[in-house]
Amino acid sequence: MDRNTISVGIIGFGTVGSGTAKILLNNKQLLKDRTGIDFNLTKIADLDIARDRGIKIPDGILTTDASEVLNDPKIDIVIELMGGIHPAKDFILKAIRNKKHVITANKALIATAGNEILSDADANEVCVGFEASVAGGIPIIKVLREGLIANNILAIYGIINGTSNYILTKMTNEKVDFSLALKEAQRLGYAEADPTFDIEGIDTAHKLTILSSLSYGIPFLYNDVYKEGITKITAMDIEFAIELGYKIKLLAILKAANSEIEMRVHPTMVPNDYLISKVDGVFNAIYVEGDAVGSTLYYGRGAGDMPTGSAVVADIVDIGERIIRSQKSRVRSQKKAAEFKIRKMEDVDSKYYFRFSALDKPGVLSKISGILGSYNISIASVIQKGRRIGGAVPLVVLTHLAKEKDVTQAIREIDQLPVVSDKTLFIRVEGEEA
Ligand code: NDP
Ligand code: HSE
């Protein structure tokens with residue numbers, strides 16, 4: 001008789017675990033109608049199985065012992081949704097060695113230990129699905145693996161952290177204070193267990209690491225991603241950006257040119273007429289440019305129980321169908337280190353926004369512009385707001401394209417001027433050169 005059931009076990013019954021369980025139980029018939037497969041939720045392990053998760057789980061499924069999932073011979077797919085590195089990694093490796101397929105939403109783990117996990121999975125001929133690890137409900141992994149397989153990927157620009165986009169949107173549209181907006185994102189289940197991952201660009205860098213591996217067939221190289229978070233952005237910078245026709249977004253940027261790959265995460269001023277500047281709240285968007293397809297854009301909720309659960313269940317169906325059809329997963333191309341080069345951040349070219357804290361005195365602008373000029377940094381526009389004779393005022397400068405190395409050296413020199421009273425803030429600016 002042909003097999004038509006797949007058994008899954010979940011470890012971690014939190015935000016994503018409960019969303020996944022809800023979809024598996026509520027849409028069981030829909031999944032069966034579409035695939036002919038019965039997806040059975042066999043076990044859920046969590047440290048606390050008494051807490052109300054807003055979903056009725058049939059008797060005998062909940063356990064506090066993860067090994068009941070890892071060692072159950074009936075379970076085909078183990079779904080790790082507990083987060084963190086240990087013991088999540090040990091559980092995943094144990095599942096793989098027990099010849100179970102694995103699904104995870106754990107981008108921190110895939111970005112930092114994915115090379116080892118995927119090579120163990122290959123050796124044991126099992127699949128590892130991680131669709132939910134990037135951009136919540138947006139099926140971007142499938143897009144890169146399947147939809148755009150015919151393309152060389154030229155560039156990716158992504159808003160891929162829901163929490164920081166939610167905070168920046170609240171600060172921009174409702175003038176809400178940073179820490180209040182973060183608390184709200186935590187209450188809504190968007191933030192990581194340690195929210196510094198969200199606001200310091202770490203989570204975005206984890207996700208960018210995964211996108212870069214899929215786009216260019218390189219290993220997961222988290223340590224090579226340049227990252228900056230949003231904690232230095234003030235309400236004043238948001239106001240200046242609006243006045244100049246921009247929104248500030250935490251962008252993940254991936255580019256390939258001249259055999260070099262650029263991987264960076266930082267707050268970026270994006271022109272108002274770019275679609276990505278209109279992506280607000282917990283929503284994510286990923287712009288992907290391929291050499292055949294041209295520009296494409298993917299948009300959706302980047303975090304939360306049901307959107308992320310939707311991505312986890314997509315992986316369950318994908319792997320379930322492979323198991324039923326006895327199909328292996330596609331061979332991954334893995335470039336050798338000699339075949340690619342990661343561009344150093346100091347060699348990146350960008351336009352810049354500088355906010356100097358300059359004393360309101362004659363000759364200050366010429367001192368600053370003199371230093372910028374000596375580093376080949378050309379000014380596109382200047383704004384000075386307010387007058388505080390003898391006191392500090394914000395002096396905002398937009399530049400044409402300049403090299404990061406020159407910018408850091410120029411700022412270091414400018415910050416030592418007696419007429420500059422505080423550290424200069426700079427934000428990279430996207431958009432065509434005027
Ligand atoms: P939660 O903290 O809501 O859930 C994790 C659950 O795992 C908790 O219930 C926790 O129990 C449980 N747990 C911890 N250790 C163990 C263990 N040893 N055995 C069994 N259960 C354990 O996290 P999320 O659901 O938000 O996130 C899960 C993963 O999904 C993370 O990797 C996260 O980065 C990723 N992710 C999250 C998204 C989101 O929107 N929240 C979106 C995309 C990915 P307890 O609370 O008692 O410690
Ligand atoms: N903390 C993450 C975010 C969860 O805010 O985007 C989704 O990966």
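**Helix packing, a parallel sheet and an aromatic pair**

Helix H7 (residues 162–173) packs against helix H8 (residues 178–187) at an angle of about 135°, with the axes 9 Å apart. That makes H7 oblique to H8; angles under 35 degrees count as roughly parallel, over 145 as roughly antiparallel, 65 to 115 as roughly perpendicular and the rest as oblique. This is a predicted model, in which local features need pLDDT of at least 70 and side-chain atom pairs count only at pLDDT 80 or more, while totals for chains, interfaces and linings use all residues. Residues are numbered from 1 along each chain as its sequence is written, chains are lettered from A and ligands numbered from 1 in the order in which they are written, and side-chain values use heavy atoms, with hydrogens and water left out.

**Helix pairs**

- The crossing of H7 and H8 is right-handed (the near helix is turned clockwise from the far one by less than a right angle).
- On the H7 side, Thr163, Tyr166, Ile167, Lys170 and Met171 make the contact, and on the H8 side Phe178, Ala181, Leu182, Glu184 and Ala185 (contact means heavy atoms within 4.5 Å).
- Helix H13 (residues 364–374) and helix H14 (residues 404–414) pack at about 150°, their axes 9 Å apart (axes are lines fitted to C-alpha atoms, for helices over the stretch in contact, and angles run from 0 to 180 degrees between N-to-C directions).
- That makes H13 roughly antiparallel to H14, and this crossing is right-handed too.
- Ile368, Ile371 and Leu372 of H13 meet Ala410, Glu413 and Ile414 of H14.

**The sheet and its helices**

- Strand S2 (residues 38–45) is joined to S3 by 2 bridges (strands pair if DSSP finds at least two bridges between them), and Ala45 has Thr63 in S3 as its bridge partner.

**Aromatic pairs**

- The count comes to 8 aromatic pairs (ring centres of Phe, Tyr and Trp, its six-membered ring, lie within 6.5 Å; planes under 30 degrees apart count as stacked, over 60 as edge-to-face and the rest as tilted).
- Phe130 and Phe220 form an edge-to-face pair, 6.4 Å centre to centre with 75° between the planes.
- Phe130 lies in the loop between S6 and helix H6 (140–147) and Phe220 in the loop between helix H10 (202–216) and strand S8 (226–227), so the pair ties together parts that are 90 residues apart in sequence.

Technical notes
Helices (H or I, at least four residues) and strands (E, at least two) are DSSP runs, numbered from the N terminus.
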